Amino acid sequence: MKQLIFAFAIAFQSTAAVALPCEGSRLAVTAPSWSVTSPAPGSYRITVDLQGQAEPMKSAIGRIYFIDRRGGVISSTKIDRHLQINPGSWTKQTTKSNNARWGQLVGMNHSDVSVSTCVHSASFEDGTNQAF
């Protein structure tokens with residue numbers, strides 16, 4: 001059933017999809033809201049709201065990509081594998097980094113950036129695992 005849900009989601013993927021280095025599912029988890037702040041020079045706090053698209057996940061392995069209008073990856077961060085990600089609810093992930101690439105996103109207009117996820121594998125509440 002999980003494979004059918006993900007296959008269905010992939011069939012209706014946006015035609016404006018970005019060519020990411022993703023060997024997994026782009027639609028298992030979405031990231032519709034984000035922010036990048038700089039609490040101190042050279043330090044960045046990346047906050048992303050994640051939402052599952054199928055069944056409750058007790059863990060997921062993957063990355064979150066921040067993409068500019070030309071389709072280039074500005075930066076990326078791992079999905080926290082210990083987060084529980086559920087469909088229909090938001091899970092907030094906050095990451096800290098000293099990588100200067102995040103500085104490009106501080107104060108950047110959200111309409112100039114798209115966020116895409118790539119999930120390689122997930123463990124579900126019912127005890128099953130899925131690789132993508």
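Colleague: What is the bridge partner of F66 in β4?
Modeller: The bridge partner of F66 in β4 is S75. Strands here are DSSP runs of E of at least two residues, numbered from the N terminus. Please note that this is a predicted model, in which local features need pLDDT of at least 70 and side-chain atom pairs count only at pLDDT 80 or more, while totals for chains, interfaces and linings use all residues. Residues are numbered from 1 along each chain as its sequence is written, and side-chain values use heavy atoms, with hydrogens and water left out.

Colleague: How many bridges do β3 and β4 share, and in which sense do they pair?
Modeller: β3 and β4 are joined by 5 bridges in the antiparallel sense. Two strands are said to pair if DSSP finds at least two bridges between them.

Colleague: And which sheet do they belong to, in what order?
Modeller: The sheet is open and has 4 strands, in the order β4-β3-β6-β7, with antiparallel pairing. At its edges are β4 (73-78) and β7, each of which pairs on one side only. On average, neighbouring strands of this sheet are turned by 25° against each other, direction ignored; the axes behind that angle are lines fitted to C-alpha atoms, and angles run from 0 to 180 degrees between N-to-C directions.

Colleague: How many bridges hold β3 and β6?
Modeller: There are 11 bridges between β3 (residues 57-68) and β6 (residues 113-124), and the pairing is antiparallel. One example is Y65, whose bridge partner in β6 is S116.

Colleague: What about β6 and β7, how many residues lie between them?
Modeller: They form a hairpin with 4 residues between them, and G127 in the turn has a positive phi of about 95°. The two strands run antiparallel and are joined by 3 bridges, β7 being residues 129-131. A122 has Q130 as its bridge partner in β7.

Colleague: Back to F66. Is the residue buried or exposed?
Modeller: F66 is buried, because its relative accessible area is 0%, where buried means under 20%, exposed over 50% and partly exposed in between (1.4 Å probe, protein chains only).

Colleague: How many aromatic pairs are there in the whole structure?
Modeller: The search finds 2. Rings of Phe, Tyr and Trp (its six-membered ring) pair if their centres lie within 6.5 Å; planes under 30 degrees apart count as stacked, over 60 as edge-to-face and the rest as tilted. W34 and F66 make an edge-to-face pair, with 5.5 Å centre to centre and 80° between the planes. This pair links distant parts of the chain, W34 in β1 (residues 29-40) and F66 in β3, 32 residues apart.

Colleague: Why is the pair of F66 and W102 edge-to-face?
Modeller: Their planes stand at 85°, with ring centres 5.1 Å apart, so the pair counts as edge-to-face. Here too distant parts of the chain are linked: W102 lies in the loop between β5 (91-97) and β6, 36 residues from F66. W34, F66 and W102 form one aromatic cluster. W102 counts as buried at 3% relative accessibility, and W34 does so at 8%.

Colleague: A change of topic: where is T91?
Modeller: T91 is in strand β5, and T91 is buried, with a relative accessible area of 11%. A polar atom of the T91 side chain lies 2.9 Å from the backbone oxygen of Q84.

Definitions and conventions:
A polar contact is a pair of N or O atoms within 3.5 Å; within protein, one must be able to donate a hydrogen and the other to accept it, and residues adjacent in sequence count only if both atoms are side-chain atoms.
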